[in-house]
Structures are given as structure tokens and as C-alpha cells.
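Visitor: I'm new to this one. Could you walk me through how to read it?
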Amino acid sequence: TATPRIGDILQKLAPFLKMYGEYVKNFDNAMELVKTWTERSPQFKFIIQDIQKEKVCGNLTLQHHMLEPVQRIPRYEMLLKDYLRKLPQDSLDWKDAEKSLEIISTAASHSNSAIRKMENLKKLLEIYEMLGEEEDIVNPSNELIKEGQILKLAARNTSAQERYLFL
């Protein structure tokens, strides 16, 4: 109650939130691994179920707990926006809270960017497999811009042939 501020604290901790991008990037694979091993190994499934029954887990599954960090940054961003809306502009915490929001918004942007990159690589891998794995296109610098049906017009006789294009 002596110094009711949170902006200065969040400002110091916010740079560490960028590492959540790595977690978010690997989230789908981690969820898939948990699902696979739960189906494959009765022993693994039993251990997970046993742990989930503990009071400390709050009746939530492992998957729910794994989702928490993914939701954390957007939640912080929303809370800070709401805090700033309700905070008087002459408050001692205003500038720190505003700076914290800027840093957290950047971290959210990093997380979203990491998600988009992983989705893009996943799509490139699907295309690579569709093409019979002949041309290796899976590369972080490659980006799928557009795909779809096109008509290829022959220069000589203007006949049209249907093609599927990956740009």
C-alpha cells in the first residue's frame, strides 16, 4: 500500500518474456508428443494421470498446464491495457506501465511471429511431401506466399492446361 505500482516491476521482467516465443514455437510438437506417448505407453499415461490427480494440479490436465505459458503474454498485454485505461495519467506508475506495455507488446509480437514461422515451415514440409520429396524446399528462409489452381497458356496455340502453383 506504500507504493502501489506494478509498471516498474513489469518493466524489469518484461524482456524475459521474449523467450516465450521459443516455447510457443515448439508448443504443437510438445502437445503431439504428449498425445503420442499417452497413446503408446500405458505406463506414461498412468504416471500423467496420477500426477494430474494431485491437489496442486487443480483438476487440470497436463495439456491445460502446457497451454498456460502460451496464453500468458496476451493476458499480460490485456491486463496492462486495462490498467492503463483505469490509471490516472498523472499517476507515478503511468510512464513505467506504458513502457511495460510497449515491451510486452513486442514480446507478444515475437510470439506471434514464431507461430507464423512454424506454421509456414509446417506447410512447406507438407508441400515437400506432396511433391514426392524430390525438391527440398523446407528452409526457414523460404516462405509460402500463395498456392492454388492456375491455367497455363501455351504460347503457340493458346491452349490452356490446368496447373497447381506454389509461389
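Predicted model: local features only at pLDDT ≥ 70, side-chain atom pairs only at ≥ 80, totals over all residues.

Visitor: At what angle do the axes of helix α4 and helix α5 cross?

Guide: Angles over 145 degrees count as roughly antiparallel. Here, the axes of α4 (residues 62-86) and α5 (residues 94-130) cross at roughly 155° and come within 9 Å. That makes α4 roughly antiparallel to α5. The crossing is left-handed, too.

Visitor: Which residues of α4 and α5 make the contact?

Guide: Look along both helices. On the α4 side you'll find, among them, Ile-73, Tyr-76, Leu-80 and Leu-84, while α5 brings residues including Trp-94, Leu-101, Ile-104 and Ala-108. Sorted by class, the contact of α4 with α5 has 11 nonpolar, 3 polar and 3 charged residues.

Visitor: How do α2 and α4 lie, roughly parallel or roughly antiparallel?

Guide: Use the angle again: the axes of α2 (residues 20-40) and α4 cross at roughly 160°, coming within 10 Å. So α2 and α4 are roughly antiparallel to each other. Their crossing is left-handed. Tyr-20, Phe-27 and Met-31 are among the α2 residues in the contact, and Leu-62, Met-66 and Ile-73 are among those of α4. By class, that's 13 nonpolar, 1 polar and 1 charged.

Visitor: And the strands: in what sense do β1 and β2 pair?

Guide: Strand β1 (residues 147-153) and strand β2 (residues 160-166) run antiparallel as a pair, with 7 bridges. For one of the bridge pairs, find Ile-150, whose partner in β2 is Arg-163. The hairpin has 6 residues between the strands, and Thr-158 there takes a positive phi near 50°.

Methods
Residues numbered from 1 in each chain as written. Heavy atoms only, no water. Axes fitted to C-alpha atoms, helices over the stretch in contact; angles between N-to-C directions. Helix = DSSP H or I, 4+ residues; strand = E, 2+ residues; numbered from the N terminus. Parallel < 35°, antiparallel > 145°, perpendicular 65-115°, else oblique. Left-handed = near helix turned anticlockwise from the far one by under 90°. Contact = heavy atoms within 4.5 Å. Nonpolar A, V, L, I, M, F, W, Y, C, P; charged D, E, K, R; others polar. Pairing = 2+ DSSP bridges.
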